Amino acid sequence: MLYRRLKRVRVDITNRLVATRLLTAADGSIAGAMAFDCRTADFHVIRAKTVILATGAAGRLGLPASGYLFGTYENPTNAGDGYSMAYHAGAELSGIECFQINPLIKDYNGPACAYVTGPLGGYTANNKGERFIECDYWSGQMMMEFYRELEGGNGPVFLKLNHLAEETIGTIENILHTNERPSRGRFHEGRGTDYRQQMVEMHISEIGLCSGHSASGVWVNEHAETTVPGLYAAGDLACVPHNYMLGAFVYGKIAGESAAAYCANTELAELDEAQVERERARVWAPLSRPDGLPPAQVEYKLRRLVNDYLQPPKVTRKMEIGLARFADIRADLEHLFARDPHELMRALEVHAIHDCAEMAARASLFRTESRWGLYHHRVDHPETNDEDWFVHVQLKKVDGEMQCFKRPIEPYIIDLNEHEKTAYQKMRIVKAESAQIQAQIKE
Amino acid sequence: MPIAFTPTSLPVRINEELCIANKGCTVCVDVCPLDVLAIDFDKGKAYMKFDECWYCMPCEKDCPTGAVTVDIPYLLR
């Protein structure tokens, strides 16, 4: 539908350009973007009054338990390029420490979709087939309870459907095996898993940055404006927490309208040749090296280090060691070599993943408390401290260095009842209470 | 810096009897978000060139002759 619409209004589409850096004007506003073709390695300079970033999540940050680099929860095309581009253009990023961690089908690493099956009677269960969380909707606290169950004696965790009627299971199969990740039916078939007979083993995903499912993104206001004039953001990349696909469409529209209005009153900035030459040299460097480190190997090591040092529970000393290891990898980036334009794409993506890894560590170290359940569970700062930390943690490039700072939270537009503010903390099903309620019902 | 070439089992299979890349078809190559498929111009057939698959299946679904099969990658299977 989107494609037909683009065709109708004659929008030029290019699918094989890898954007690597934004162009900025002398006053810091946006002047365009730079990219290369992943089939020819041709370098492109795209001059523009505005740019809308819609590059999705940073999906190749952590390494999936399978060890397969591209077996990620997010579409692995989204390596975090947009986060890196926004950062280097001087934009503020927000909530980076609020990682994305999802409950997935083990090994397949796609969503188990307990929340999709919920209205039809499916649910997340422990190894006894019992519910342990009040709500299957993905959240940090839900993931915390999931993690506790996974690591405790009641683990692992499963998607339970085998108590449902045949026609209900048929409906669920029809939804889950044809939408979002349609190869999931093939995976279950290979393992001999039938929803009628077995529960589906679930596991915890690798970490990622994704505002669509958590809060980690490029800071935007209600007009989808980033803090860089002329730069807009929408979708998983933009800090519009839990906006999912509907939010992506809504913010995409807002970003388009805002950018169009900005264009109407702005002149095209002068082209800064020095920026172009610097970026062309950086992009083409891996092709010019006769040998060196293959991109896949550096990516594997970097993402394995992300798992070792950043995967929650977060530990201060581990994250500090992680930063030191990432600094070693930064030196390795200068030895990446690519034999063709495709490998060049992977090499440049490693640069973006490296930026995201460093951002994830620094933002996490800055917030010295725990918040959002597992997403920012700091073992050595276990309490939530609203007095000092009921704020956004922002991250920005200042004089070439990553800096974190606080941004106050704006007042609620709609007042919340007190009891609504604590629902998040009451995710775990309390056995004694439920027994008491049952008893009351009987009386 | 010496490097090795390590073989891996690939998830995307092409039935060369059905593939019509020799007639100019590039559908599977065009729809892959990761750009891992290519055409072998000597043979006139599509093939998986890079082991970087998200097992998302547009290549299989959009192939006009049903020549493409996507397996779950071995490490995940």
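Author: Strand β12 (residues 391-398) of chain A and β13(A) run antiparallel and are joined by 8 bridges. Please keep in mind that this is a predicted model.

Reader: How many residues does the largest nonpolar core have, and which have the most contacts inside it?

Author: The core has 134 residues, and A:Val218, A:Ala233 and A:Ala360 have the most contacts inside it. Helix α11 (residues 341-366) of chain A gives the most to this core, namely 13 residues.

Reader: Which residues does A:Ala360 touch, leaving aside those up to four places away in sequence?

Author: A:Ala360 touches A:Leu61, A:Ile96, A:Phe99, A:Leu209 and A:Leu310. A touch here is a contact, with C-beta atoms within 7 Å.

Reader: Why is helix α2 of chain A called largely enclosed?

Author: 7 of the 8 residues of α2 (residues 81-88) are buried, so the helix is largely enclosed by the rest of the structure. To be buried, a residue needs 20 or more other C-beta atoms within 10 Å of its own. In α2(A) the buried residues are A:Asp81, A:Gly82, A:Tyr83, A:Ser84, A:Met85, A:Ala86 and A:Tyr87. Just after α2(A), A:Gly90 takes a positive phi of about 95 degrees.

Reader: How far apart are A:Arg148 and A:Leu374, in sequence and in space?

Author: They are 226 residues apart in sequence and 9.7 Å apart in space, C-alpha to C-alpha.

Reader: Why is strand β9 of chain A also described as largely enclosed?

Author: For β9 (residues 200-204), 4 of the 5 residues are buried, so the rest of the structure largely encloses this strand.

Reader: How do you know that β6 and β8 of chain A each pair with β9(A)?

Author: The requirement is again at least two bridges. Strand β6 (residues 103-105) is joined to β9(A) by 3 bridges and runs antiparallel to it. Strand β8 (residues 157-160) likewise has 3 bridges to β9(A), also antiparallel. Both pairs therefore qualify. In β9(A), the bridge partner of A:Pro103 is A:Ile204, while A:Val157 stands opposite A:Met202.

Reader: Which domains does the assignment give for chain A?

Author: Domain 1 covers 18-98 + 209-264, domain 2 covers 103-204 and domain 3 covers 286-408. The contact between domain 2 and domain 3 takes 7 residues from domain 2 and 5 residues from domain 3. The C-alpha centres of those two domains lie 30 Å apart.

Reader: How many helices and strands does chain A have, and why is the chain called as compact as a globular protein of that length?

Author: Chain A has 13 helices and 13 strands. Its radius of gyration is 23 Å, close to the 22 Å that the globule rule gives for 443 residues, so the description applies. Of those 443 residues, 46% count as buried.

Reader: What is the pattern of chain B along the sequence?

Author: Chain B reads β-α-β-β-α-β, with 2 helices and 4 strands. Buried residues make up 34% of its 77 residues.

Conventions: Residues are numbered from 1 along each chain as its sequence is written. Chains are lettered from A and ligands numbered from 1 in the order in which they are written. This is a predicted model: local features need pLDDT of at least 70, side-chain atom pairs count only at pLDDT 80 or more; totals for chains, interfaces and linings use all residues. A nonpolar core is a set of buried Ala, Val, Leu, Ile, Met, Phe, Trp, Tyr and Cys residues joined through C-beta atoms within 7 Å. A residue is buried if 20 or more other C-beta atoms lie within 10 Å of its own, exposed if 12 or fewer, and partly exposed in between; C-beta atoms are placed from the backbone. Two residues are in contact if their C-beta atoms, placed from the backbone, lie within 7 Å. The radius of gyration is taken over C-alpha atoms; the globule rule is 2.2 Å times the number of residues to the power 0.38. Domain bounds come from an automatic or database domain assignment.
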